[in-house]
Amino acid sequence: EESEKLAELNKNILKRKAQLHEIEQGLPQKNSLYLNIILGDVNVSILNRSDKVRYKDDYEKFKLILNVIGLLLSFLNIVINYRALELAFIFLLVWYYCTLTIRESILKVNGSRIKGWWRLHHFISTASAGVLLIWPQGEPWQLFRTQFMYFNVYISLVQYMQFGYQKGVLYRLKALGERHDMDITIEGFHSWMWRGLSFLIPFLFIGYIFQAYNAWTLYKLTEHPDATWQIAVLSILFLILFVGNTTTTMLVIPQKLRGRIKERYRLMSLSWAMKARQHNKGAQYMSQLKSFPASLPAETWTRSVALRARTPRGGQEPN
């Protein structure tokens, strides 16, 4: 009985927190420093809930469409070695990641719970694309070019799979009340993806290893006679992306496993409590049977015990 009361109390606390969060999201929020620098003193709070969800859906469509365009351009760059096509693709990366950082900052103001690393990941990706854009054409670039385009093809395919599956899982969890309306798809792995999306983990780690391989290749290219400063900077940025992505994903897995173990123990304790309660009821029933004289018929015993069970503690029979 105590465990049931505690579970009900925890449920009510979570419900009140969710209600307070919903009320808070209806109030105007302050812009982040980044938004103030980019947009100036403009209020980007969206007070209407349906407008917030619509803006979030537009963000998801934007990512999906640009991901497909990036996949096609990177594939074309593998087939065709043309400088203008390379620059068009890299400029698209710069614009894409810049736009993502702005849109995610607006979503953050309006209640989205995107984690810090995945936002920082897009800022670092913006810087990487900017350095790639000003990397002068030469032998070092030609040595790295094909590997970089294959990397983008692979990442685009993995992200396309992620966006498609994540939208389905998010929709189901929102319908069950387990996720917030403003939660968005991300390039990495989060705890809520454990249900139905754990098969993506190997593909993600292959992408992270590819980032480490890019960092190593660029590090070796710094020894080239025609090497420029962009090569060393890109090597460091790819290494940071590899370490950050791998660490963040690795932290999610043991955290989720611990959560599953706790949930299993909680269910076991509830099962034991229910069994103990049923045992106590059975013992009480048997003690009531023994309190009657043995000469009474069995039907009279059963009727009397049932009447006692329905009688309130005050002693009066129910009408």
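Glu86 and Arg145 are both buried, and they form a salt bridge in which the closest N and O atoms are 2.2 Å apart. The pair ties together distant parts of the chain, with Glu86 sitting in helix H4 and Arg145 in helix H6, 59 residues apart. Keep in mind that this is a predicted model. Here's a tour, starting with the charged pairs.

**Salt bridges**

- The structure holds three salt bridges.
- Glu86 also pairs up with Arg83, and here the closest N and O atoms are 3.0 Å apart.
- Arg83 and Glu86 are three residues apart in helix H4, so about one helical turn separates them.
- Why does Glu86 count as buried? Its relative accessible area is 0%, and buried means under 20%.
- Another salt bridge joins Asp51 to Arg54, with 2.5 Å between the closest N and O atoms.
- Both of these residues lie in helix H3, three residues apart, which is again about one turn of the helix.
- Asp51 is partly exposed, with a relative accessible area of 32%, and Arg54 is partly exposed too, at 47%.

**The overall fold**

- What is the secondary structure of the chain made of? It comes to ten helices and zero strands.
- Read from the N terminus on, the elements go α-α-α-α-α-α-α-α-α-α.
- The chain has 319 residues, and buried ones make up 37% of them.

**What the UniProt record says**

- An unreviewed UniProt entry lists residues 64-82, 88-106, 192-211 and 231-253 under "transmembrane region".
- In the model, the stretch 64-82 is 84% helix and 0% strand, and its end C-alpha atoms are 26 Å apart.
- The stretch 88-106 is 100% helix and 0% strand, with 27 Å between its end C-alpha atoms.

**Empty space inside**

- How do you find gaps in a structure like this? Rolling a probe the size of a water molecule over the atoms shows where empty space is left.
- Searching the whole structure turns up two cavities of 30 Å³ or more.
- The largest cavity has a volume of about 500 Å³.
- This largest cavity is lined by 32 residues, and the closest to its centre are Tyr97, Phe151, Asn152, Ile155 and Gln159.
- Which helix gives the most to the lining of the largest cavity? That's H6, with eight residues.
- Several helices each supply at least two residues of that lining, among them H3 (49-79), H4 (83-109), H5 (116-133) and H9 (229-290).

**A look at Thr99**

- Thr99 is found in helix H4.
- Buried or exposed? Thr99 is buried, because its relative accessible area is 15%, and the cut-off for buried is under 20%.
- Thr99 and His122 are 23 residues apart in sequence, and their C-alpha atoms are 9.7 Å apart in space.

- Leu33, Ile37, Ile38, Leu39 and Val42 make a nonpolar surface patch of about 480 Å².
- One of them, Leu33, is in helix H2, which covers residues 33-39.
- Leu33 counts as exposed because its relative accessible area is 66%, and exposed means over 50%.

Note on methods
Residues are numbered from 1 along each chain as its sequence is written. This is a predicted model: local features need pLDDT of at least 70, side-chain atom pairs count only at pLDDT 80 or more; totals for chains, interfaces and linings use all residues. Side-chain values use heavy atoms; hydrogens and water are left out. Patches are made of residues with over 30% relative accessible area and no salt bridge: like charges are joined within 9 Å, nonpolar side chains (Val, Leu, Ile, Met, Phe, Trp, Tyr) within 5 Å. Accessible areas come from the Shrake-Rupley method with a 1.4 Å probe; for residues, only the protein chains shown count as cover. A salt bridge is a side-chain nitrogen of Lys or Arg within 4 Å of a carboxyl oxygen of Asp or Glu. Helices (H or I, at least four residues) and strands (E, at least two) are DSSP runs, numbered from the N terminus. Buried means under 20% relative accessible area, exposed over 50%, partly exposed in between (1.4 Å probe, protein chains only). UniProt positions are given in the numbering used here, feature names are shortened, and annotations may be inferred rather than shown by experiment. On a 1 Å grid over the protein atoms alone, a cavity is a set of points where a 1.4 Å probe fits but cannot get out, and a pocket is an open set with protein on both sides within 12 Å along at least five of seven lines; lining residues have an atom within 4 Å of a point. Grid points are joined across faces, edges and corners, and a volume is the space filled by probe spheres set on the points.
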